Amino acid sequence: MWTTTIARCTLPSMRKRSSVLACLALRAEGRPGWAVATAATSPSPSLHLTWRQLRGYGTQAPAPLPSTALGDSPGVRHVRALEQERQLEVEWEDSGHSLYPYTWLRDNCQCPLCTLQSAQARSLLLSQLDIHTGVDRVQVTDNNKVSIVWPDQHTSEFDPDWLRKRCFSPAARQALQEELFLNERMYWDSELRIPTASFEEVLHDDKAALAWLLALRRVGIVYLKGAPVEQGQVARLSQRIGYLRLTFYGHTWQVQDKSQANNVAYTSGKLSLHTDYPALHYPPGVQFLHCLSQAGEGGESEAVDGFHMADQLRREDPEAFRTLTSLRVDFTDTGSDYCDFMVQSKNHIIDVDSDGRVVRINYNNATRDSVLDLPLHQVQAFYSSLKAYVQLMTRPENMLTYKMEPGDLVTFDNWRLLHGRKSYLSHPDQVRHLEGAYLDWDEVMSRLRILCKSVHGES
Ligand SMILES: C[N+](C)(C)CCCC(=O)O
Ligand SMILES: O=C(O)CCC(=O)C(=O)O
Ligand SMILES: [Fe+2]
Ligand SMILES: [Zn+2]
């Protein structure tokens, strides 16, 4: 049924232990960066997106694959104590070199006195750490470990793979950070064919679950098909990860046309593109929506890649970008649901990190407060900037439109995507009904790392 799609790509020779990093080495053919094409044979005919195919969700500019992060680290040829710099120099068998500060090495001694093995946590106290320590002796042991004897005769032994992974070179650091956080995204527009998988397979097969979460991270949206048409499925799916995020709207929530609606989502009206819950200072990272019943007329879903749009705004209207990333906007949400609430927040509509990279979009026009905490002279500029961003998002070439059917369950990155819904006609004999739930990225990323490790073996 849903057996097509995906990015066509050439696979580099995959090394067993290379884990997620190998994704980045994939080069897409056709369109710059990536292309949509019919996927290669999948092991399971019901799965439109397999793990193998999903590894194709590389980024627009795949990063070079640093050998340091591949796990198959070369052995240690030689170690040398650089007394002046207070660094240990490791020469690898492939002739590469890595430098490690003495202080860092002493801080990270892996022995049972310094590390609680059962928790893989540091038991050494900072008060016990001499940040000016020297070394007494360094050597490579018979089983190719790096051994350090400290001035107080405490001994540390470091595994070469462990050290290599933690090399302080910019390339190695970047590679390891990407492996840990998978921050490289694949931007898309109206032409995206939404990555789709089978609900049941994701629940029962680790490879399918890994493929789902990798695409959720990289692409930001994954469609799951074939969920039972009854309530409780978003909760079931959240258990596949860990646990869901409780909010004032409940553990899970029912999107229906309700009288005395406590939220615009609970009407039959149009919802313009929004992220959910910018009224919170920490909005939910991931959203699930399961369609139990669809309207005959209207009710189509819309979605845009908010990061892509923000980058486009940065290029086309840098002043508007600067405004939306620097002014904090008030959001408000008052009512009663799980319990009564009076929520207030101040958020940038576009959040960037300290390197200027877009990390989160916070925008729901319905909950944007009438309280606008700006000096008079900035008000008009704020509105122009917001208009510019919203107009960019609503361009037909940027917006994705789809209509959910009963049994469809869409999962998306609520920090990145803006989603909306066309208005619909409420029919007493066919009430539109979606069930939703939120999760946070920390828990989703945790499951992603565990699945990566179990599917690829040791890491
Ligand atoms: C769907 N619902 C009601 C749980 C939240 C809607 C999003 C928002 O108010 O920002
Ligand atoms: O009704 C829909 O399709 C989407 C609902 C929504 O965006 C929400 O509940 O926040
Ligand atoms: Fe929403
Ligand atoms: Zn120790």
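Some conventions come before the structure. Residues are numbered from 1 along each chain as its sequence is written, while chains are lettered from A and ligands numbered from 1 in the order in which they are written. Because the model is predicted, local features need pLDDT of at least 70 and side-chain atom pairs count only at pLDDT 80 or more, whereas totals for chains, interfaces and linings use all residues; side-chain values use heavy atoms, with hydrogens and water left out.

I begin with the annotated regions. UniProt, in an unreviewed entry, lists "domain: Gamma-butyrobetaine hydroxylase-like N-terminal" for residues 81-164. Such positions are given in the numbering used here, with feature names shortened, and the annotations may be inferred rather than shown by experiment. Over residues 81-164 the chain is 13% helix and 35% strand, where helices (H or I, at least four residues) and strands (E, at least two) are DSSP runs numbered from the N terminus. The end C-alpha atoms of residues 81-164 are 17 Å apart. A further annotation from the unreviewed UniProt entry, "domain: TauD/TfdA-like", covers residues 196-438. There the chain is 27% helix and 30% strand, and the end C-alpha atoms are 19 Å apart.

Next, the zinc ion. Which residues coordinate the zinc ion (ligand 4)? The donors are Cys-109 (SG), Cys-111 (SG), Cys-114 (SG) and His-154 (NE2), at 2.1 to 2.3 Å. Donors here are N, O and S atoms within 2.8 Å of the metal (3.2 Å for Na, K and Ca), and sites may look incomplete, as water is not among the atoms. The angles among the 4 donor atoms run from 103 to 116°, and the site is tetrahedral. For four donors, that label requires all angles to lie between 85 and 135 degrees. For reference, the ideal angle for four tetrahedral donors is 109.5 degrees. Along the chain, the donors of the zinc ion follow the spacing C-x1-C-x2-C-x39-H. Cys-114 sits in the loop between helix H3 (102-107) and strand E6 (115-116), and His-154 in the loop between strand E9 (146-149) and strand E10 (155-158), so this pair ties together parts that are 40 residues apart in sequence. Cys-114 is buried, at 3% relative accessible area; buried means under 20%, exposed over 50% and partly exposed in between (1.4 Å probe, protein chains only). His-154 also counts as buried, at 16% relative accessibility.

I turn to the iron ion. The protein donors of the iron ion (ligand 3) are His-274 (NE2), Asp-276 (OD) and His-419 (NE2), which lie 2.1 to 2.2 Å from it. Their spacing along the chain is H-x1-D-x142-H. His-274 belongs to strand E14 (residues 271-274) and His-419 to strand E23 (residues 417-421), so the pair ties together parts 145 residues apart in sequence. His-274 is buried, with a relative accessible area of 5%, and His-419 is buried, with a value of 10%.

An oxygen atom of ligand 2 lies 3.2 Å from a polar side-chain atom of His-274.

Ligand 1 has among its surrounding residues Tyr-249, Trp-253, Asp-276 and Tyr-438. An N or O atom in the side chain of Asn-263 is 2.8 Å from an oxygen atom of ligand 1. For the side chain of Asn-364, the corresponding distance is 2.9 Å. At Tyr-277, a backbone N or O atom lies 2.7 Å from an oxygen atom of ligand 1.

Two loop residues close the presentation. Arg-185 is placed in the loop between helix H5 (170-181) and strand E11 (196-198), and is buried, with a relative accessible area of 15%. Its side chain reaches the backbone oxygen of Asn-183 at 3.0 Å, and a polar atom of the Arg-185 side chain lies 3.1 Å from the backbone oxygen of Arg-217. Asp-337, in the loop between strand E17 (328-336) and strand E18 (340-348), is partly exposed at 34% relative accessible area. Asp-337 and Phe-248 are 89 residues apart in sequence, yet 6.1 Å apart in space, C-alpha to C-alpha.

Methods:
Polar contact = N/O pair within 3.5 Å; in protein donor to acceptor, adjacent residues only side chain to side chain. Tetrahedral: all angles 85-135°; square planar, octahedral: opposite > 155°, others 65-115°. Near = heavy atom within 4 Å.
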